[in-house]
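Dear colleague,

Please find the structure below, followed by a short account of the findings.

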Amino acid sequence: MAETSKKAFVTGHPIAHSRSPKIHGHWLEEYGIDGSYQAIDVEPEDFGAFLSTLRDNGYSGGNVTIPHKEAAFALVDRRDEAAEAIGAVNTLWFEDGALWGGNTDAHGFAANLDQRAPGWPENGPAVVLGAGGASRAVIHALVERGVSDIRIVNRTLARAQELARRFGAGVSAHGVEATGELLMDAGLLINTTALGMHGNEALAADPAVLPDHAIVTDIVYVPLETPLLAAARARNLTTVDGLGMLLHQAVPGFERWFGIRPEVTAELRQMIVTDIGAKQ
C-alpha cells in the first residue's frame with residue numbers, strides 16, 4: 001500500500017478568504033509533492049479540540065490565523081523563539097512527539113524587504129505605525145536585524161508603551177501627534193494598521209516629511225498599493241507592498257510539513273496578484 005500523502009491546513013474563523021491554499025497548492029504542484037493543504041473553519045470554542053485531533057487525523061501541521069493565534073500560543077507543547085517573543089503562533093508542526101508552535105510573520109516581513117529593498121536594516125531609524133499583533137512581529141524582525149532605533153506610534157499610547165517595554169532598549173512609544181517629527185530623520189516607515197484597506201483612503205502618516213533615502217512599506221496587501229505607498233511612490237521613495245510578507249511567511253511551514261524549502265517566485269506573486277484583482 002502506498003504511503004499516505006502528507007497533509008497540512010490553515011485554520012481560522014472565518015477562513016474562506018485565505019489565500020494560503022493557493023500558495024501552498026502552487027508549491028505542491030511545482031515540486032511534484034504528493035500532499036494536500038486545505039482551509040478549515042474552526043470556531044474559537046472548538047479550537048482546543050481541533051488541535052488535540054491533528055495527529056489522529058494525519059496532519060503534519062498547519063497554519064493558524066485570526067482569531068486563533070493567541071490560543072495556539074497557549075495550547076502547544078513547545079514554542080520557538082520567534083513565537084515566544086511575539087506572543088502568538090501561526091505555524092504548527094510535530095517534532096520529537098511534541099506539537100510545536102512557531103511564528104513566521106517576522107521572517108516573512110524581513111524576507112520581503114530583503115527581496116525588494118536589499119540593505120534595508122541599515123536604513124533606520126524605523127517608525128512603526130500601530131501596536132497590534134502584526135506590529136509585534138515587525139518589531140521582532142527589526143530587533144533581530146539590528147535596527148537600534150525603533151519608534152512605535154499608536155493612537156492608544158499605553159499599548160505602544162506596553163510593546164516598548166516588551167522589546168526593551170532601543171524601542172520607544174509615541175502618540176500619533178508626534179508622527180511628523182519622528183519621520184523627519186526616519187529611514188524606514190512601516191504601517192501595520194488597517195488604514196488603507198477596503199477603500200479607506202486615510203493616510204497612516206505623511207511621507208512628505210521623510211528623508212529622500214527612506215523606505216516605506218505597508219503590511220496591507222489589499223489593495224496592493226495603499227494610499228500610503230502611493231504617496232511615497234509619488235515622492236520617488238522606495239516602496240514595498242505587503243504581499244511579499246504573506247508569501248515569504250509561508251516558506252518555513254511548507255518546508256517543515258513537506259520537506260522542501262520552496263521559493264517565492266515572480267510566477268507565484270503574479271498568481272496571487274491576479275487573484276486579488278479578480279476578487280476586488
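Is Tyr-59 buried or exposed? Tyr-59 counts as buried, at 11% relative accessibility; buried means under 20% relative accessible area, exposed over 50% and partly exposed in between, with a 1.4 Å probe and protein chains only.

This is a predicted model, in which local features need pLDDT of at least 70 and side-chain atom pairs count only at pLDDT 80 or more, while totals for chains, interfaces and linings use all residues. Residues are numbered from 1 along each chain as its sequence is written, and side-chain values use heavy atoms, leaving out hydrogens and water.

The structure holds 8 aromatic pairs (rings of Phe, Tyr and Trp, the last by its six-membered ring, with centres within 6.5 Å; planes under 30 degrees apart are stacked, over 60 edge-to-face, the rest tilted). One of them joins Phe-9 and Tyr-59 edge-to-face, at 5.2 Å centre to centre and 80 degrees between the planes. Phe-9 belongs to strand E1 (residues 6–12) and Tyr-59 to strand E3, so this pair ties together parts 50 residues apart in sequence; strands (E, at least two residues) and helices (H or I, at least four) are DSSP runs, numbered from the N terminus. Phe-9 is buried, its relative accessible area being 0%.

Tyr-59 has a further contact: the charged end of Lys-7 sits over its ring, 4.5 Å from the centre (NZ of Lys or CZ of Arg within 6 Å of the ring centre and within 35 degrees of the ring normal). Likewise, the charged end of Arg-256 sits over the ring of Trp-93, 3.7 Å from its centre.

Finally, Trp-27, Tyr-37, Phe-254, Trp-257 and Phe-258 form one aromatic cluster.

Yours sincerely
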